[in-house]
Amino acid sequence: MARVPAWRSVARLSVWLTAALAVIAGVGAASVIVSGWLIDGVERANGSRSAAAERSDLGSYFDAASAVFSGVALLLLVITLLMQQRELRMQRQELSLQRTELASSRNELRRSAAADLRSLHVQLTQMQMDDPSLAEVWHDYPGMPPEAMRQYLFANLTFGHYLLAYTWGDHTEAEILVYARNLMRSPAFRRYWVASREGKTGLPPDSEEGRLFRIFESAMAQADDVNAQSPPPPRRDPAPGAPTPAPDTPTGTG
C-alpha cells in the first residue's frame, strides 16, 4: 500500500480545521441572530423592555418552587433508574435459572438416551447368551465353547454396568476399585479381562471408559501382587497304604 505524502495530510487537516471553524462561526452567528429575534419578540409582546423586565422579576419569585419541582423530578428519575436496575437484575436471575434448567434437561435427556442404549445392548447380549450361534456375528472370541462364551458375555455386561454407574457419577473411583478387586477374584472374569484387554488398551485416556479400564487394570495388578505374596499351599503327606510316587530320574547320555 502506497504511503500518503506528508503535504497531502497537512492539506487535508487544514481543510477539516477550516470547515470546523466555519461551522462554529455559523452556529455562533445563527445563535446571536435567533437570540436577538427572540428578545425583540418578547419586548413587543410585553409592550416595552421595562415591562418585560418587571415580568421577569415576578417570575423569579417562583424559583424556589421550580427548584422543589426539579428536585422531585430528579428523585423520580433516580427511583425509576433503580427500579429498572432491579428489573434487569431479576431478568438476569431468571435467565440464569432458565439456562440451569435447560442444562439439567439436556443432562436428563442424555442419561435417558444412555439408559435406552444400555438396555438395547443388554437385549443383544441376552440374545447371544440364549443362542451361541449369534455370538459369531461380532466375532470377538472365535472358537470359544458356548459355556465360556456366556461367561464372557456376562462379564462384559458387568463391566458395562460399572461403566454406566461411573459415567453418571453414582460411584466414585475408590468404590469402583473395590468392586473391581472383588471381580478380579473370579477366575472367569480374569479370563475375560485377559482376553479383552488388548481391545481396551486403545481407548482414549481422557474418556470414562478409558479411566475405568485403568481402574480395573490397577485392581488386577493388586490382585496379582496379593497372589504372588500368598504362601504356597501346605504339602500333604500320602495316606497310609498309598503307593509312594517314584522320584523323577534325570535322563542323560552315559
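The questions and answers below go through a predicted model.

In this predicted model, local features need pLDDT of at least 70, side-chain atom pairs count only at pLDDT 80 or more, and totals for chains, interfaces and linings use all residues. Residues are numbered from 1 along each chain as its sequence is written, and side-chain values use heavy atoms, with hydrogens and water left out.

Trainee: In which helix is confidence lowest?
Mentor: Confidence is given as pLDDT, the predictor's value for each residue from 0 to 100. The protein has a mean of 76. Helix α6 (residues 173–184) has the highest mean, 90, and the lowest, 61, belongs to helix α2 (residues 49–60).

Trainee: Is Ala115 buried, partly exposed or exposed?
Mentor: Ala115 lies in helix α3 (residues 63–130); helices are DSSP runs of H or I, at least four residues, numbered from the N terminus. Buried means under 20% relative accessible area and exposed over 50%, with partly exposed in between (1.4 Å probe, protein chains only). Because its relative accessibility is 29%, Ala115 counts as partly exposed.

Conventions: Helices (H or I, at least four residues) and strands (E, at least two) are DSSP runs, numbered from the N terminus.
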